[in-house]
Amino acid sequence: MKRWLLVRLLWIVVTLLGITFVTFVVVDQAPVDRAELAIARGAGERAFADAGAREAAILQLRIRYGMVDPVTLEPAPVWRRYWSWLCNAATLRFGGPHDDHEALWRRLARALPVTMWIGGLSLLVGLGLGVALGVWLGLRMASRRARVVSSVLLVIAGIPEFLAATLLLLAFSSAWLQWLPASGLRSLGAENWTLPWQLFDFARHLVLPVLVMSTGPLVLVSRFVRDSVARAAQAPFVASMQALGIDSAIVRARLLRHGCAPVATLAGSLLPMLVGGSIVVENLFSLDGLGHLAFQAVTEQDQPMLMAIVVIGSVVTLAAFVISDVLHRVIDARVRLQ
Amino acid sequence: MNAATARPLRKRFSAWLAMLVLVVGLFAPLVANEVPLLARVNGAWSFPAFVDLVGTPSPGPGDQSWKQWQTTLPADSPDFVLMPPWPFGPGETNAACFRQRPSAAHWLGCDDTGRDVLARLVHGAGAVVWLGLPAVLIGGLLGTLLGAWAGYRGRYVDTLVSRLIELFVCFPTLLFLLFAAAFFGDSRLGLVLVMASLFWTSFARIVRGAILSLRERDFVHVARGLGVSEWRILTRHLLPQVWSQVGVTAAFCMASAIVAESTLSFLGIGPGDAVSSWGAMLRQGAEHAVVGAWHLWLWPTLAIVMVVVCCHVLADRLRGDPESSDVVI
């Protein structure tokens, strides 16, 4: 187990290096680079005398960002830039030597709680409801009602997050019923309200985003648990327990433990799903979380922010893989980690 | 109920719908267009809609559009035009039918700039198919080959491919697609390659696992003993047994390609309004839903959900799973 964990952690580091390198190279291929973009954005404030002055300003920025060698003025090779990024990133400074790391971390720190609230609640709702629904379905696979519910799940699985969010927004906060707020996490002026009202307000804002983000995990988990429980119900040990006249409640408890254990392995695929979902959901519900930051970073080609978010996202994903393996081991004694 | 007693694929609505979307998407410019399939102008033949498949067709003879020219033709003229089945283009605006509800002329209505919604849906299918199909084909080919190689060879090849799979699985998919679309927005090739590089892992995992369990079976040992070459064992004896699993994966990947494409265009990343896409149509429809233009959001919604669900049902069918055998679609 200890050796397994060690090897696994080593692989995590290697995988992280791979992911960040590929991301770095792809971001690097952008047709318009960061320096040009920064100049174009600031063009309103700073007028350049001529094209030459503009070129000089771009060159200066490129040197500052480490894209051009300051002595020879040749573009620095991508591996050397990646190496310097990596040396900085090792001390959690995601950017060139001249970027404002404090500001970057301040933005990340503001965004993280929002994403964790939405993502954590969605995960809880999706897992809880999904397991319950999956067990219910798995124990009565052949019944007509279970088949109808399965068909409904199949259709829900076909509704992308942006579509569900759009339709729910139309239905509950703009076109049809105006019951729930459409954006943000608190109403205007809510900080002057009493605590229960503030909590109620917060909960009202959470309903739609959590509903949208939990459907993906819900469908995945319930279908997985349904198949797993149905398979467990066919297992020989169930028949032999029944034949021995053991109380059906006990049989069911054994069966459910058997059928639900593999859910632990799903955690590895649920978290990446939430990472993707948060980009869509936060964008649509105007929440200032990590997904929103990621979207902004893509549209502004904010390379340090993009790299920081990719690192955070992949660390979370990789950690989820390890945790799910360990959990699987804890729940199912037959599994051996090598 | 098992696969043998379930309804065959050709009797299922989902299979037919998938074929329809595939064919309509592949040949979208021939199905809905404002330029004719076939035209005879002063004795010279031309095929503008076919040109549209590969490039930019001529907007019409002289300085008129094809439709205007058609109305000015005398009755006894030997010249003629043959319009596509749906004679409206995705970018063709008509101020007279601004945000019009479905009618006899425009079956699904018109959008806020007077463009025909059905024509845009058809070309949206084209966007989905021309992005998803190459991505799934490239990813599928690459993944199947690598997976088969890893499963068959084992040892260090297997370790290498497995690690590679693990690496690619950890990529934040949507984020990666997002900046690929933002940076290579105008060229579809970049997006196709990025998608393929995300899809190949699913194929490789499935095929590797299947080959791994097959290669120790007796018939493989017998074939090897008879002197059949390794390549022939792999391609003739092992791979044919995994095709159905590859098909399942392909259907799922196609579904996620469709979701990804519409999500990106919904978020406004990519080629923009010039190319019609279901996601962009839905965004536009949501903006106009408040004023009661239900037809602008309903049709793209139905298109996306039906096609994605159809991919999932097909995947379940191919797998021979009991779960969807009672789903009517």
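Student: In which helix of chain B does B:Arg208 lie?

Tutor: B:Arg208 belongs to helix α8 of chain B, residues 188–214; helices (H or I, at least four residues) and strands (E, at least two) are DSSP runs, numbered from the N terminus. This is a predicted model, in which local features need pLDDT of at least 70, side-chain atom pairs count only at pLDDT 80 or more, and totals for chains, interfaces and linings use all residues. Residues are numbered from 1 along each chain as its sequence is written, chains are lettered from A and ligands numbered from 1 in the order in which they are written, and side-chain values use heavy atoms, with hydrogens and water left out.

Student: Why is B:Arg208 called partly exposed?

Tutor: Buried means under 20% relative accessible area, exposed over 50%, and partly exposed in between (1.4 Å probe, protein chains only). B:Arg208 has a relative accessible area of 22%, and is therefore partly exposed.

Student: What makes B:Leu82 partly exposed?

Tutor: The relative accessible area of B:Leu82 is 42%, so this residue is also partly exposed. B:Leu82 lies in strand β3 of chain B.

Student: With which residues is B:Arg208 in contact, leaving aside its neighbours within four places in sequence?

Tutor: Contact means heavy atoms within 4.5 Å. On that basis, B:Arg208 is in contact with B:Gly147, B:Ala150, B:Gly151, B:Asp158 and B:Ser162.

Student: How far apart are B:Arg208 and B:Arg163 in sequence and in space?

Tutor: B:Arg208 and B:Arg163 are 45 residues apart in sequence and 13 Å apart in space, C-alpha to C-alpha.
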